[in-house]
Amino acid sequence: LDTAEDFEVLEEEEDEEEEEDLSELPPLEDVGRAAAPPREDAQPSEQGVGEASEDPQEWLDVLGSGLLKKKTLVPGQGVDTRPRKGQDVTVRLKATLEDGSVVEENPALTFTLGDCDVLQALDLCVQLLEMGETALIVSDAKYCYGAQGRSPDIPPNAALTLEVELLAAQDALDLELLSGKEKIELANRKRERGNFFYQQADYVLAINSYDIALKVIASSSKVDFSPDEEAELLDVKVKCLNNLAASQLKLDHYEAALKSCNLVLEHQPGNIKALFRKGKVLAQQGEYREAIPILKAALKLEPSNKTIHAELSKLVKKHADQKNVETEMYRKMLGNPSATGTPGKCKDKLPWSIPWKWLFGATAIALGGVALSVVIAARN
């Protein structure tokens, strides 16, 4: 499990907040404002393209926004040979900046198509490649490394030119046949990818990656796992659920976040992060009475945690304010809106003013009755 210090830093109120479980973040895609539009004369690499590569008509606007374009350099084996989502594909990749400097080269990069395991520009465009095809992809920073870039070689908001050749595509391994070690490694890769997206503030894609990791863990297996492997899979599952709740909180998906927290607590009732987030979810829903005991339970487990202290103090104050508002509302409903303004006078006035009025009225009625009886008697 992550350290207490990690929790301390990542549970803060601001945007750094919910990153608790996040660690070992891989470099990759999304987030960031649009950079300069891709140039149609972006260098087509050493592979001879001839005059055809200069023809803007050959560029395919993949998303229709001009931010992601693809051009065929070497034709492939036909449309029928294009890979499908969910398949494991292998490509040759060369990535360059606009000034021509090479920032990445990989002769055989393998990834699962459609799982957002790599740059979005690559994940989107490889689906359009034919087997054996070599293509040039010019992408805005939004579909590469975004506003954060990749230290030290890719600056923030940098557009990239990718030269890609599709080498192979095959169906992904059957999850039921994975060994315990293979399943743990696969789930961790998906979880770490989700951590990357969380750091990029792309919480939708982070949720997608955590969901994929959880599906890997939950998949049935025809292979027996050792007790240690079972324990490690449970540990990865808890981390995924905790980070999933953090991402859902960022998107104000409170019911989903509450469900994720409860799933963690089913496995680990004393999981501080899940208790903390559950308290926050309930607080966001205005359920202060339920949230306070949960945060107190978390604080009891880790009394020195300043983040929980601060959140609990804030909730206790909000709950007290809520109770005062409710009390005032009830007083108004009972016809005593001034009760909070002059409590002393009300206490002196109310018990006596009403009985004296009734007493005088009753006396007057009694005297009138006696006088009437005397008059009637006299007439008789």
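**View 1. Asn157 sits buried in a loop of this predicted model.** Asn157 has a relative accessible area of 17%, so it counts as buried. Buried means under 20% relative accessible area, exposed means over 50%, and partly exposed lies in between (1.4 Å probe, protein chains only). The loop that holds Asn157 runs between strand 5 and strand 6. Helices (H or I, at least four residues) and strands (E, at least two) are DSSP runs, numbered from the N terminus. The phi of Asn157 is positive, about 55°, although Asn157 is not a glycine. Most residues other than glycine have a negative phi.

Residues are numbered from 1 along each chain as its sequence is written. In this predicted model, local features need pLDDT of at least 70 and side-chain atom pairs count only at pLDDT 80 or more, while totals for chains, interfaces and linings use all residues; side-chain values use heavy atoms, with hydrogens and water left out.

**View 2. A cis peptide bond joins Ser151 and Pro152.** Omega is about 5° at this bond. Most peptide bonds are trans. Where is Pro152? Pro152 is in the loop between strand 5 (134-139) and strand 6 (160-171).

View 3. Two strands pair if DSSP finds at least two bridges between them. Asp61 has Lys69, in strand 2, as its bridge partner.

**View 4. Helix 3 is mostly covered.** Of its 20 residues, 15 are buried. How far does helix 3 reach from its first C-alpha to its last? The span is 29 Å, close to the 28 Å expected at 1.5 Å a residue. The expected span is 1.5 Å times one less than the number of residues. An α-helix has 3.6 residues a turn, so residues three or four places apart point the same way.

**View 5. Gly180 lies in helix 3 (residues 180-199).** Gly180 has 2% relative accessibility, so it counts as buried. What does Gly180 touch, not counting residues up to four places away in sequence? It touches Phe225 and Glu229. Contact means heavy atoms within 4.5 Å. Gly180 and Glu232 are 52 residues apart along the chain, and their C-alpha atoms are separated by 9.2 Å.

**View 6. Ala201 follows helix 3.** Its place is in the loop between helix 3 and helix 4 (203-218). Ala201 is not a glycine, yet its phi is positive, about 65°. Is Ala201 buried or partly exposed? At 43% relative accessibility, Ala201 counts as partly exposed.

**View 7. Aromatic pairs come to a count of 2.** Rings of Phe, Tyr and Trp (its six-membered ring) pair if their centres lie within 6.5 Å; planes under 30 degrees apart count as stacked, over 60 as edge-to-face and the rest as tilted. The ring centres of Tyr198 and Tyr203 are 5.2 Å apart. Their planes meet at 70°, so the pair is edge-to-face. Tyr198 and Tyr203 are both buried.
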